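Please look through the sequence and the structure first, and then compare them with the points below.

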Amino acid sequence: MTQLIHVEQLYRYYGDHCAVDNVSFDLEKGEILGFLGPNGAGKSSTMQMICGNLAPTSGQILINGIDILDNPKEAKRELGYLPEIPPVYRELTVNEYLRYCGKLHGIPKDKLKMALDQAKERCGLTDVGERLIGNLSKGYQQRVGIAQAILHTPAVIVLDEPTAGLDPIQIREIRELIRELGKEHGVILSTHILPEVQESCTQVQIIHKGKLVLNDSIEGLEQQMRASSLVLETRAEPDLPRLSSVDGVQKLEPLSGHRYRVFHDKDKSPAERLAELVVSSGWGLLELTSERRSMEEIFIDITTHTPIVEEQAA
Amino acid sequence: MMAFVIAGRELRTLFLSPLAWSILGVIQIILAYMFLAQLDYYMMLQARIAGLEDAPGITDLIVAPLFGNAGVILLLVTPLLTMRLISEERRNRTLSLLFTAPVSMAEIVLGKYLGVFAFLLIMVGMIILMPLSLLVGGGLDLGKLAACTLALTLLLAGFASLGLYISALASQPTVAAVSTFGALLLLWIIDWTGTTAGQAGGVLEYASLLRHYESLLKGLVSTTDLVYFLLFITTFLVLSVHRLDNDRLQK
């Protein structure tokens, strides 16, 4: 089986409140899945369930083909998890802590040192090995958390908001690291920072009020972001019926003065033909730009108009 | 066995904080003083009881009271050692490290328990050194000493298991410490009303930690007492596993 994670019809109730509502998805090797959603959408609950920290109300989770509810020990061997707050013991040094984590995950003694060195190098911790975790900055503690998650080279790495509280340089380094990890492992990453997903993920999922409202590859999302409208501005008053009749134009919407928004078919942009017409008619072309929807807009669109998108997804 | 890895870290962490060292130091000083007082008392008494037939020996007059006092003092101290076990990990959100690692709940609980139990064994070891020092100057009833050691070990094992369970219940270490102390003290004195009451008294008497501890200290190693302690320990360990599993089932 090539699927590293297989989640099927996952439900989680807290009392009457449904935090995760029928979530299903798959993750394959080499994929980095970005898990997006506003606060309280159910991201962390889903991740905790994947990592066996929380029992689902119903549903199935397979890690590398092993059911985490039936065989938690075997499944957890394939898992590395960094929760929202890095689970570090402040009174231990980085080396002591990582050695303890390695032993917990059953790394044999002779390989422990190598695994330790490798994880420290990848997370840039080589210089702070002998320092107490409690004395490290938030960014370094976060790195220790990541080192702990990748120490035993698990098949699946789950990172809950790994860049929270880091400075811009560290964020860049961590993203670099995540991309690198994505080559050999399956990575799930939760965040509410949209550019992060654009930059480091191959798959995107948006979760809202416990429901999965979008599950797409990053290319698919780019497709959605691609404009289906142009902004046109002319010096002189154009002949609107003639503009509307240009091949591909669906609708004209007057903005202000001689500015118009031109809606067109998604896959055929009339920009070139519009320019020709405007120039040849002597209306004076001042502006012709294609509009791009930002990821923020899609995100807000999806999370505020859930019912509409649900229909599309169905 | 993963439990030993967890126990090892637990013990290590204990010694990294000044708490463990100060507890060891304070207990040793106080008990040494009591030991000395008991020794003085024996010296004074020695001349008077020398002529008696079937006179109480040095073990009865020094060792048993010493262990009796140790039990009471450790009743005060053990909650301080057990309070952090789970409640602090839950507070610092480090429990998820254990939950994600390939270890079962039982191993986590057992690991925590063994860690603190190992520390208590060190304490018992240091307390035994005092009566053993009497061997330099005279004889000692080693059988009785062994019974006393067994009694203290079982008692502390019981304290620790109850403490562990309450630490799993509480969200703050201090709350765990106070509740553990309260519960232990109640179990200690629960037979105070039982001595006068009729039928109910029997049950309360059986439930009392002190009763079983004292009978072991007398050198009477009976199965009733052993079973009582073993049941006590197992019950609270199983309850702890359940409580921890609840964290996963629902919050």
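Predicted model: local features only at pLDDT ≥ 70, side-chain atom pairs only at ≥ 80, totals over all residues.

1. In chain A, the secondary structure comes to 12 helices and 14 strands. The radius of gyration of chain A is 25 Å, well over the 20 Å that the globule rule gives for 314 residues, so the chain is more spread out than a compact globule.

2. Taken along the principal axes, the box that the C-alpha atoms of chain A fill is roughly 80 × 45 × 35 Å. Of the 314 residues of chain A, 39% count as buried. Among the contacts in chain A with a separation of 6 or more, 68% are between residues 24 or more positions apart.

3. Chain A has an open sheet of six strands, with mixed pairing and the order 6-7-8-3-9-10. Strand 6 (79–82) and strand 10 (211–217) of chain A are its edge strands, each of them pairing on one side only, and from one strand to the next the twist averages 15°.

4. Within this sheet, strand 3 (residues 32–36) and strand 8 (residues 186–191) of chain A run parallel and are joined by five bridges. A:Ile32, for instance, has A:Val187 in strand 8 of chain A as its bridge partner.

5. Which strands does helix 6 of chain A lie across? Helix 6 (residues 168–184) lies across strand 3, strand 7 (156–160) and strand 8 of chain A, and the helix runs at about 145° to strand 8.

Definitions and conventions
Residues numbered from 1 in each chain as written. Chains lettered and ligands numbered in written order. Helix = DSSP H or I, 4+ residues; strand = E, 2+ residues; numbered from the N terminus. Rg over C-alpha atoms; globule rule 2.2 N^0.38 Å. Buried ≥ 20, exposed ≤ 12 C-beta atoms within 10 Å, placed from the backbone. Contact = placed C-beta atoms within 7 Å. Pairing = 2+ DSSP bridges. Axes fitted to C-alpha atoms, helices over the stretch in contact; angles between N-to-C directions.
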